[in-house]
Amino acid sequence: MIYNNHILLTYNNIYRAVDKCGRMIPVPYNSIVCAAAGGGAREPLFRNPSSSASVYLLQFNCNRRRINTNNRRNNNNNFMDSNNNMRTESYLRHVDSRKLMPNGAGHIPHLKAVILGEALASEEDDLVLPSKEFSDQANVHSPEQYMEMYKRSIEDPDGFWSEIASQFYWKQKWGEKVCDENFDVRDGKIKIEWFKGGITNVCYNCLDRNIEAGLGDKVALYWEGNEPGLDGSLTYSQLLNQVCQVANYLKDIGVKKGDAVIVYLPMINELPITMLACARIGAVHSVVFAGFSAESLAQRITDCKPKAVITCNAVRRGTKPILLKDIVDAAINDSAKDGVSVDVCLVYDNPVALKREDTKWTQGRDIWWQDVIPKYPSTCPVEWVDAEDPLFLLYTSGSTGKPKGVLHTAGGYMVYTATTFKYAFDYKPSDIYWCTADCGWITGHSYVTYGPLLNGATVLVYEGAPNYPDAGRCWDIVDKYKVSIFYTAPTLVRSLMRDGEAYVTRYSRKSLRVLGSVGEPINPSAWRWFYNVVGDSRCPISDTWWQTETGGFMITPLPGAWAQKPGSATFPFFGIQPVIVDEKGVEIDGECSGYLCIKKSWPGAFRTLYGDHERYETTYFKPFAGYYFSGDGCRRDKDGYHWLTGRVDDVINVSGHRIGTAEVESALVSHPQCAEAAVVGVEHEVKGQGIYAFVTLVDSVPYSEDLRKDLILTVRKQIGAFAAPDKIHWAPGLPKTRSGKIMRRILRKIASRQLDELGDTSTLADPNVVKQLIEFSDS
């Protein structure tokens, strides 16, 4: 409703007057002379000295403002409702709700807090506040600085991102439009373009630009092998030389700009080297995690039709050898049956895992890396590409079973990954950075290779398993290289929790400065353990939410600016406008739960699904027209913090109650005798769906009926009786990929007793776990 040409919006008792053009008019608290009655009655509040119109308060009965997605945007990016009244988009909802933040720490009276470095975070502490010492040196040092930067990134995205992009090298600057997009399927084909017309090269910006800035002798990559004592390093100059040699080889075998190259390598330096070499010559790399089966690899080969496959004869993870070349041979044979042949297979010789003479070989197709790459020149001219030319193709799982080829382009991805890395980890040039992810996943692309190197960082690449030869290996590596930023998955954190604190505390870890979490929501108890034990209560945790499709962080703490709540991803990154919608696509304001969507594009957004733009639109833009649909559920609390509740397809509908599996898992793991839990939904004749929980106990804790009941009671207490698991299935271990991701598909089949439909288990780190789970089905 509009009165006298103005409306006044409220969110958590913060008042803002907004005129018909969407301009903010300040409303000092002491200027408010009266408030509306609950039924919506209104009285004049004050007269703005710069306006002849009075301003009125519209107080809603509940703290939820809904905007129907059928309403159409006007040119001022506002909404026109059915009565032709205007409603502004509350993109600063999380800023307005946290306006008073003294000393960079924040003030939320109803929450208990602990200050970084002063004490351990207990179950009673709701907040962890940045210390003054940390905030003073941070890249974003206060809520006010964040607010200023965020506000500009939304109101002037062209200017905001242009200034950042200008810090990189462009052979030619982009055209007049920084961003050209259609984000609404109702208005035609979805299109996202950033910096189009700008000519650049990501490899040049990762290497040449840093060398020209004087970083040639700085270590770019440390490499730690599976076996302790096996290690190496490359400076930026050495890395560039090796990248150029691989690039020259690829050109020599006919790889040109736009051609695809499949990369199936373990975590050795040759993996990021190959990625950068492809980027240097404009080829499109498609890295496949070296743990996927031959069938999965063949699907990807058939889809993108690569000019070459690059692999390794074998690798060791822990004590187990993995014969990668055998998998590649089978995949190439399978793809040939579908009419896609591979003429070149470049094989890195890894004698620690397998001798050359024991490696299966196809003459005329296979060639040893070490026999050819060193012969090529260590300089290679750059292939300059448009910002919207493809950089890489990364396949991710789809609900139909067919992998989706997520396509990222050069310019926007470069700018976004570099920026998110810098701010989310509060990166400093002196930092030693370690991300435990594999380059076969998006995390390894954005935050092992491109994001860090674009910032001139020193990156640690680790080949082995995190618990080999024992559960202290991570902290041994941290001390050895003086790692200051450590980024890992909650699954690994919970696994290390299970092994006990002794494996952590025997090492110093004094170099650690910032911790990070990625891949899934981290439950508060794991967050506190990570913070208290690993970080000695000194290190903030960047709990990042993002996806393969987003290219970079979307919702993440900025360590020096925001108070953190254990388990919450906090607030959106610059340029990101998250909204929570209900089943009808109606936005919900205030404290709520629903589907997480994003308004407007961002530079790192993927542009399409390779060869299937229709599926791209159907999957991500049609469920809620006008938004990018993340597929994730989200809860926003009364302070504006975001809590990810897991994939929407991991939401269980029990007697009409929507229950996130991550929420139940978090409750179970909060029990002191529960090390890990995974929850799935099963058919229930009364409730529709029941809750089935696989539970791994802390070492030496025996299974018992009393403990089973206690675990169920814990969930009842934390969530409610409706969320109590119908079944607790004891699990000596959970089926995980070698990267630590839980294979929930297998758990659903076991829970449903569909044991003849388990499917491919070749990517599991330990396939025997499945047999153990089946044996425990009736216990």
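The model is predicted, so local features need pLDDT of at least 70 and side-chain atom pairs count only at pLDDT 80 or more, while totals for chains, interfaces and linings use all residues. Residues are numbered from 1 along each chain as its sequence is written, and side-chain values use heavy atoms, with hydrogens and water left out.

Let me start with the helices, which are DSSP runs of H or I with at least four residues, numbered from the N terminus. Helix α3, residues 143-155, packs against helix α4, residues 157-165, at an angle of about 115°, with the axes 5 Å apart; axes here are lines fitted to C-alpha atoms over the stretch in contact, and angles run from 0 to 180 degrees between N-to-C directions. That makes α3 roughly perpendicular to α4, a term for angles of 65 to 115 degrees. On the α3 side, Met 149, Arg 152, Ser 153, Ile 154 and Glu 155 meet Pro 157, Gly 159, Phe 160 and Glu 163 of α4, where contact means heavy atoms within 4.5 Å.

Turning to aromatic rings, the whole structure holds 60 pairs, counted when the ring centres of Phe, Tyr or Trp (its six-membered ring) lie within 6.5 Å. In one of them, Trp 527 and Tyr 531, the centres are 5.4 Å apart and the planes lie at 20°, so the pair is stacked, the word for planes under 30 degrees apart.

Definitions and conventions. Helices (H or I, at least four residues) and strands (E, at least two) are DSSP runs, numbered from the N terminus. Angles under 35 degrees count as roughly parallel, over 145 as roughly antiparallel, 65 to 115 as roughly perpendicular and the rest as oblique.
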